[in-house]
Amino acid sequence: MNTEYAHPDDLIELRTAFGVDDAGESALGWAGVHVYEAEHGTVLPEPYRTFVAEITDGSFSGPPDYGLVGVAEMPDDWGDGRQVRNLSAPFPLTEGWLWEDDPRPYEEIEPLLDPVFNHGSVVLGTDGCGMYWHLIVSGRHRGHIWNISGEGAVPFGAEFGYTTASPGFAGWVRHWAAGKPWFDAS
């Protein structure tokens with residue numbers, strides 16, 4: 001997974017997976033990407049960065065189940081009153097964490113949750129029921145996709161053991177386009 005360079009084959013696959021043939025009209029454009037990155041103090045990882053700039057900034061067709069939201073948008077079910085998101089702060093996790101199974105008292109766990117939902121990631125969309133897909137934009141897992149829900153957070157990609165998919169945005173989309181279940185590892 002290369003987060004600094006968008007491989008042309010990945011971009012072709014992404015364009016095909018989303019059925020985008022509007023010559024970039026649904027994309028944010030490079031100027032828009034640069035403004036977004038400056039406002040949030042981060043550089044988006046490739047190939048997502050080029051995807052948003054040149055292919056499309058969101059899609060109703062998914063992934064996830066309720067579509068891919070634009071880079072500056074949040075899913076409709078995200079809710080109000082949440083902590084302000086800080087994309088430049090590192091994403092705090094380095095391995096999956098099911099906090100609903102964590103034996104510590106909730107008073108210890110609760111202050112650790114806001115950074116998981118709000119630091120170092122772009123929310124790509126929702127599968128409903130409070131399950132959100134995040135692209136990590138800062139921290140050790142930059143470029144990886146994580147599924148974060150009310151119960152816990154797990155990284156996506158074969159190297160983590162939950163799926164057979166390649167890591168990163170292109171691997172995540174490729175897995176969806178092939179019609180595979182998200183968590184298909186035995």
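This is a predicted model: local features need pLDDT of at least 70, side-chain atom pairs count only at pLDDT 80 or more; totals for chains, interfaces and linings use all residues.
Residues are numbered from 1 along each chain as its sequence is written, and side-chain values use heavy atoms, with hydrogens and water left out.

The peptide bond that leads from Glu-46 into Pro-47 is cis, with omega near 0 degrees. A cis peptide bond also joins Pro-63 and Pro-64, where omega is about -10 degrees. Pro-64 belongs to the loop between H3 and helix H4 (106-118).

The helices come next. Two packed helices are described by the angle between their axes and the distance between the axes. Axes are lines fitted to C-alpha atoms, for helices over the stretch in contact, and angles run from 0 to 180 degrees between N-to-C directions. Helix H2 (residues 30-40) packs with helix H3 (residues 48-55) at an angle of about 135 degrees, and their axes are 8 Å apart. H2 and H3 are therefore oblique to each other; in this scheme, angles under 35 degrees count as roughly parallel, over 145 as roughly antiparallel, 65 to 115 as roughly perpendicular and the rest as oblique. On the H2 side, Trp-30, Val-33, His-34 and Glu-37 meet Arg-49, Thr-50, Val-52, Ala-53 and Glu-54 of H3, where contact means heavy atoms within 4.5 Å. The residues of this contact of H2 with H3 divide into 4 nonpolar, 2 polar and 3 charged. For these classes, Ala, Val, Leu, Ile, Met, Phe, Trp, Tyr, Cys and Pro count as nonpolar, Asp, Glu, Lys and Arg as charged, and the others, Gly among them, as polar.

H3 also packs with H1, at an angle of about 55 degrees and with the axes 10 Å apart. That angle makes H1 oblique to H3. H1 passes H3 in a right-handed crossing; a crossing is left-handed if the near helix is turned anticlockwise from the far one by less than a right angle, and right-handed if clockwise. Leu-11, Leu-14, Arg-15 and Phe-18 of H1 meet Thr-50, Phe-51, Glu-54 and Ile-55 of H3. By class, this contact of H1 with H3 has 5 nonpolar, 1 polar and 2 charged residues.

Helix H1 (residues 8-18) has a further packing partner in helix H5 (residues 168-177), at an angle of about 40 degrees and with the axes 10 Å apart. H1 and H5 are therefore oblique to each other, and H1 passes H5 in a left-handed crossing. From H1, Asp-10, Glu-13, Leu-14, Ala-17 and Phe-18 meet Phe-169, Ala-170, Val-173, Arg-174, Trp-176 and Ala-177 in H5. The contact of H1 with H5 has 8 nonpolar, no polar and 3 charged residues.

S1 pairs with strand S2 (residues 131-136) over 6 bridges, and Ser-121 stands opposite Ile-136 in S2. In the loop between S1 and S2 sits Cys-129, whose phi is near 55 degrees, a positive value in a residue other than glycine. S3 and S4 form a hairpin with 4 residues between them.

The structure holds 18 aromatic pairs. Rings of Phe, Tyr and Trp (its six-membered ring) pair if their centres lie within 6.5 Å; planes under 30 degrees apart count as stacked, over 60 as edge-to-face and the rest as tilted. The rings of Trp-133 and Phe-156 have centres 5.7 Å apart and planes at 90 degrees, so this pair is edge-to-face. Trp-133 lies in strand S2 and Phe-156 in strand S4, so the pair ties together parts that are 23 residues apart in sequence.

Conventions: Helices (H or I, at least four residues) and strands (E, at least two) are DSSP runs, numbered from the N terminus. Two strands pair if DSSP finds at least two bridges between them.
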